[in-house]
Amino acid sequence: MARRPVAWVGAIVLFAEAVGIALLNWFLGLVVDKQDMSLAGLDPRAMTVSTWIAGVLFGGYLALCGIVLARTAARDRAPGTFGRLLLISCAVVHALLGAFSVGLVGWPAFVFMMVVLGLLVLTLVAYDKKAQQDGGARADGGSGGTPENGAPQPA
């Protein structure tokens, strides 16, 4: 099945997006710094530094999501609870950013966000199906133990 390639592509896209977001925030911080811009009386230097910090944090978040996807692809196993929650939150973020990007940036940005959302959801669903199939095989007697109700299996 195409679980591993989708997870690898998703990881690569998230790494590229993390670098892109970090560079974009670095550039925006430089613009604010060079223009000596202020918003509602805030110190321009504080705005510059906060933009850079936001870029590092959001880029780090996307890179962490990429690491979870890469680890999922390398091991060919579903991510753990923390990894699953991280990927679900990343999918929600991409859905919201896609909705906002239509009006602010345009349709190409929306399409990109939806492609990333699709990669994340497809990875989560594909590995969830695999985990259910593996669990079902073990429950059907693959391990030779007892079923869920505790009764011994007939030989």
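## Salt bridges

The structure, a predicted model, holds 2 salt bridges. One of them joins the side chains of R3 and D76, with 3.9 Å from N to O. R3 belongs to helix α1, which covers residues 3-35, while D76 sits in the loop between α2 (44-75) and α3 (81-104), so this pair ties together parts that lie 73 residues apart in sequence. R3 is buried, its relative accessible area being 14%. D76 also counts as buried, at 18% relative accessibility.

The other pair is D33 and R45, whose closest N and O atoms are 3.9 Å apart. D33 is partly exposed, with a relative accessibility of 30%. R45 is partly exposed as well, with a value of 43%.

## The surroundings of D76

D76 is placed in the loop between α2 and α3. Although D76 and R3 are 73 residues apart in sequence, their C-alpha atoms are 7.9 Å apart in space. The salt bridge between these two residues is formed by their side chains, and its N to O distance is 3.9 Å.

Which residues does D76 contact, leaving aside its neighbours within four places in sequence? They are R3, R4, Y127 and K130. Of these, R3 is the salt-bridge partner of D76.

## Helices and the chain as a whole

The protein chain has 4 helices and 0 strands. Reading along the sequence gives the pattern α-α-α-α. Helix α1 spans residues 3-35, α2 spans 44-75 and α3 spans 81-104. Helix α4 spans residues 107-142.

The protein chain has 155 residues, and 30% of them count as buried. Its accessible surface comes to about 9,600 Å², and carbon and sulfur atoms account for 70% of that area. Among the contacts with a separation of 6 or more, 61% are between residues 24 or more positions apart.

## The nonpolar core

The largest nonpolar core has 17 residues. Within this core, the residues with the most contacts are L14, L62, C65, L69, L87, C90 and L120. The elements α1, α2, α3 and α4 each give two or more residues to the core. Helix α2 provides the largest share, 5 residues.

Not counting residues up to four places away in sequence, C65 touches L14, L86, L87 and C90. L14, L87 and C90 are also listed among the residues with the most contacts inside the core.

How many disulfides does the structure hold? It holds 0. C65 and C90 touch each other, but the closest cysteine sulfur to that of C65 is the one in C90, at 3.8 Å, which is too far for a bond. Seen from C90, the closest cysteine sulfur is in C65, again at 3.8 Å and too far for a bond. The reason is the cut-off: a disulfide needs the two sulfur atoms to be within 2.5 Å.

Are these two cysteines buried or exposed? C65 is buried, with a relative accessible area of 0%. C90 is likewise buried, at 0% relative accessibility.

G29 is found in helix α1. It counts as buried, with a relative accessibility of 0%. Not counting residues up to four places away in sequence, G29 touches T48, T51 and W52. The C-alpha atoms of G29 and A46 are separated by 9.8 Å, and these two residues are 17 residues apart along the chain.

F27 also lies in helix α1. F27 is partly exposed, at 48% relative accessibility, whereas G29 is buried.

Definitions and conventions
Residues numbered from 1 in each chain as written. Predicted model: local features only at pLDDT ≥ 70, side-chain atom pairs only at ≥ 80, totals over all residues. Heavy atoms only, no water. Salt bridge = Lys/Arg side-chain N within 4 Å of Asp/Glu carboxyl O. Buried < 20%, exposed > 50% of the residue type's maximum accessible area, 1.4 Å probe, protein only. Contact = heavy atoms within 4.5 Å. Areas by Shrake-Rupley, 256 points an atom, 1.4 Å probe, with all protein chains shown as cover. Core = buried A, V, L, I, M, F, W, Y, C linked by side-chain atoms within 4.5 Å.
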